[in-house]
Amino acid sequence: MVQVSNGLTLQQLRYFVAVASEGSISAAADLIYVAQPSMSAAMKELESRVGRTLLVRSARGVTLTAEGAEFLGYARQVLEQVELLEHRYLGRPAARRLLGVSTQHYSFAVDAFVRMVQASGAEEYQFSLRETRTEEIIEDVRTLRSDIGILYRNDFNRKVIDKLLRESRLVFHPLFLADPHIFVSRSNPLATRDQVTLEDLENLPRLTFDQGANNSFYFAEEVLSTRSSQREIQVSDRATIFNLMIGLGGYTISTGIISDELDPSIVAIPLDIDERIEIGWIDHAAIPLTDQAQRYLQEVRAVVASFGVEVLG
């Protein structure tokens, strides 16, 4: 049995990754065809070896401690490198690619995801892309449901977002700065304008993404979230918001980056306000990114740069 350090084995690391991914010792045991008592004993032995509590056990399953989350990041790195060595030098099939991304509703994030999957060339993979609420993005990355989260900050929400990230031991990495634009249907009378003002929008339905029970202004995906609107509709997904732009002549405020291939019926028009949007990605402070996560970020940067936007960092 291969040991990777003083007493740690690759098998223990694989077991631990499975338990963390499934959130259950019994589910992980079923997944890799190991008896549940053996899996449970392996986790206790692993914690004894490293001298730290990695898992919190309850009737509903297991969750990672802060040290467990950090350990998981390094365990994934070790297993990924071993699998690459086996593939290159032992002729074994390439490992199944894994990646989870949670994001606010940005077409550039989806476009980059498509490119990443197409470029991976992997015969087997297990990817997830969740367009979801701001608070859930932070929670997904905190609990390692996703490797990366994509969201925005500005002067209004910065303190609140940064506080949540610090408490969750997450880090915000700036990706690019954007001038606010409105998204409207190509049939909207404003679609031919070079620029629009807030006065131009007063009689149009404002479309925003619903933030659920915690519908705080600070979690809104759109700037000017505290500005009142006579007509407002909250939606949960991009397909619906685009349909309402077409059917009701509504608008939403976003980055101005939109894919003609993915969203051909929608256009972006600059909004004349003194505001900037800072888009960035978040990850765990103590956990290094996997190679697959880094490849996704490369595609994100490439998509953003293709729109003539300067990529930060």
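**Labels and their cut-offs**

Q: How do the residues of the lining of the largest cavity divide?
A: They divide into 12 nonpolar, five polar and four charged. Residue type decides the class: Ala, Val, Leu, Ile, Met, Phe, Trp, Tyr, Cys and Pro are nonpolar, Asp, Glu, Lys and Arg are charged, and the others, Gly among them, are polar.

This is a predicted model, in which local features need pLDDT of at least 70, side-chain atom pairs count only at pLDDT 80 or more, and totals for chains, interfaces and linings use all residues. Residues are numbered from 1 along each chain as its sequence is written, and side-chain values use heavy atoms, without hydrogens and water.

Q: What makes a space in this structure a cavity, and how many of 30 Å³ or more are found?
A: A cavity is a set of points, on a 1 Å grid over the protein atoms alone, where a 1.4 Å probe fits but cannot get out. The search of the whole structure finds two of 30 Å³ or more. The largest holds about 190 Å³. Its volume is the space filled by probe spheres set on the points, with points joined across faces, edges and corners.

Q: Which residues line the largest cavity closest to its centre?
A: H105, Y106, F183, F209 and S254, out of 21 lining residues. To count as lining, a residue needs an atom within 4 Å of a point. Helix 5 (107-120), helix 8 (238-248) and strand 10 (252-254) each give two or more residues.

Q: Why is the second largest pocket called a pocket, and what is its volume?
A: A pocket is an open set with protein on both sides within 12 Å along at least five of seven lines. The volume here is about 180 Å³. Its lining has 17 residues, and T208, A220, E222, S225 and E232 lie nearest the centre. Strand 8 (206-209) gives the most, with four residues. Strand 9 (232-235) and strand 10 each supply at least two. By class, the lining holds seven nonpolar, seven polar and three charged residues.

Q: Why is L79 called buried?
A: Its relative accessibility is 8%. Buried means under 20% relative accessible area, exposed over 50%, and partly exposed in between (1.4 Å probe, protein chains only), so L79 is buried. L79 sits in helix 4. Its C-alpha atom is 7.4 Å from that of R14, 65 residues apart along the chain. Across the 313 residues of the protein chain, 48% are buried.

Q: What makes Y89 exposed?
A: Its relative accessible area is 59%, and therefore Y89 counts as exposed. Y89 belongs to helix 4 (residues 66-89).

Q: Why is R169 called partly exposed?
A: R169 has 39% relative accessibility, so the partly exposed class applies. R169 lies in the loop between helix 7 (158-167) and strand 6 (170-178). Its phi is near 60°, a positive value in a residue other than glycine. Most residues other than glycine have a negative phi.

Q: What is the phi of L224, and where is its place?
A: Phi is positive, about 65°, although L224 is not a glycine. L224 is in the loop between strand 8 and strand 9. At 25% relative accessible area, L224 is partly exposed.
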